[in-house]
Amino acid sequence: MSRLRYIIKRLLIAIPTFLGITLLVYLLASLTPSSPLEIMFNDPMATQEQMDAMAEALGLDQPVYIQYLRWLKGLLTGNLGYSYRTNLPVMDMVFERIGPTLLLTGSAMLLTFLIALPLGIMAAYKPYSAWDYVSSGISFIGAAMPNFFAALVLIYIFNVNLRWFPSSGMYDSSGVRTAGMLLHHLVLPSCVLAIQYIGSLIRQCRGSMMEVLQSDYVRMARAKGLLETPVLIRHALRNAWIPLVSWFGMQIPALIGGAVVTEQIFGWPGLGSLMVQSINARDYPTIMGITVVIAIVVLIGNLVIDLLYNLLDPRIKY
């Protein structure tokens with residue numbers, strides 16, 4: 001019952017947080033130098049009467065707080081409005097793009113765990129060894145390399161020179177769409193997105209494992225004659241998961257934000273590229289629709305992370 005009360009409490013706390021996020025984004029979007037009307041009427045022959053009529057039709061002639069309240073009323077009824085740029089329902093546009101973004105970020109995170117966890121564990125198990133130096137070098141390079149620079153380097157090596165992987169889109173221009181083609185296009189953007197997180201997770205895993213390996217229960221397990229593999233996996237890694245789960249919770253917003261740059265460079269049709277297009281067009285409804293999705297994902301993700309703490313360590317109470 002305490003878990004249910006905790007979930008309800010966190011959801012109630014998330015409501016004003018969500019409203020604060022949407023209000024802040026709406027205000028920042030309205031403070032941009034140009035308005036949606038200037039983008040839509042990029043025509044020297046457009047008259048002031050035409051612009052005033054369009055502003056009245058879109059509600060842009062109202063104060064910002066009235067516009068926000070109208071948008072919030074539509075959100076509560078399940079209506080995210082229509083895009084200024086394409087005149088399509090925002091909800092349809094967002095749901096069309098969320099799949100590619102989840103595929104890209106999910107594959108990048110899977111790649112991060114597959115590479116960073118073994119390197120971090122071996123670096124902690126054999127400190128100041130060759131494993132440790134190699135892992136530290138990879139960690140420093142990954143953490144210091146920006147996404148756009150890593151993307152340019154990988155494109156130059158694997159696309160321009162070696163021609164192993166494509167550098168744009170989810171599928172070839174032939175119109176044929178297969179799973180193999182999708183994986184072929186996914187390699188470079190997922191590697192670029194994973195590079196920084198591999199470096200960060202190696203450091204986090206190494207620090208957590210070194211702390212756990214020096215604890216009394218690990219020494220006791222070794223004194224009982226257990227093999228090193230069960231000691232590392234069943235005793236050390238299991239108790240080192242809490243800091244790693246905390247790390248993953250903190251990376252959720254950064255993962256979505258990093259996907260904006262990566263999707264734009266590789267022409268990946270996800271939420272990141274849609275956000276850039278919407279910002280350039282001052283498309284307020286689409287910007288707010290993407291903000292709603294990202295805010296919900298972050299808030300629910302952090303709630304799930306907090307619930308995992310109790311599953312990993314029953315001593316943690318709600």
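**Whole chain**

Colour by secondary structure and read from the N terminus: the elements of the protein chain run α-α-α-α-α-α-α-α-α-α-α-α. The count is 12 helices and zero strands. This is a predicted model, and every stop on the tour should be read as such. Along the principal axes, the C-alpha atoms of the protein chain fill a box of roughly 85 × 60 × 35 Å. The protein chain has 318 residues, and 42% of them are buried.

L4 belongs to helix 1, which covers residues 2-30. Is L4 buried, partly exposed or exposed? Its relative accessibility is 46%, so L4 counts as partly exposed, since that class lies between the 20% limit for buried and the 50% limit for exposed.

**The aromatic cluster**

Next, show the side chains of Y26, Y68, W71, Y84 and Y284. Ring pairs link these residues into a cluster. In the whole model, the count comes to six aromatic pairs. One of them joins Y26 and Y68, whose rings are edge-to-face, with 5.8 Å from centre to centre and 70° between the planes. The pair links distant parts of the chain: Y26 sits in helix 1, while Y68 sits in helix 4 (residues 64-76), 42 residues apart. Both Y26 and Y68 are buried.

**The end of helix 3**

Move to L58, which is in helix 3 (residues 48-58). L58 has a relative accessible area of 28% and is therefore partly exposed.

Most residues other than glycine have a negative phi.

Start with Y128, in the loop between helix 5 (90-125) and helix 6 (130-144). Y128 is not a glycine, yet its phi is positive, about 60°. Is Y128 buried or exposed? Its relative accessible area is 62%, so Y128 is exposed.

Then go to R282, in the loop between helix 11 (271-280) and helix 12 (284-312). R282 is also a residue other than glycine with a positive phi, near 55°. Its relative accessibility is 16%, so R282 counts as buried, because the limit for that class is under 20%. Viewed one after the other, Y128 is exposed, whereas R282 is buried.

**The cavity**

For the last stop, look inside the protein. How many cavities of 30 Å³ or more does a search of the whole structure find? The search finds one. The largest cavity has a volume of about 30 Å³. To locate this cavity, select the residues that line it: P166, S167, S168, G169, H185, P189, F266 and W268. The aromatic residues F266 and W268 are among them, as are the serines S167 and S168.

Note on methods:
Residues numbered from 1 in each chain as written. Predicted model: local features only at pLDDT ≥ 70, side-chain atom pairs only at ≥ 80, totals over all residues. Heavy atoms only, no water. Helix = DSSP H or I, 4+ residues; strand = E, 2+ residues; numbered from the N terminus. Buried < 20%, exposed > 50% of the residue type's maximum accessible area, 1.4 Å probe, protein only. Phe/Tyr/Trp six-rings, centres within 6.5 Å; stacked < 30°, edge-to-face > 60°. 1 Å grid on protein atoms, 1.4 Å probe; cavity = no way out; pocket = protein on both sides within 12 Å on 5 of 7 lines; lining within 4 Å. Points joined across faces, edges and corners; volume = space filled by probe spheres on them.
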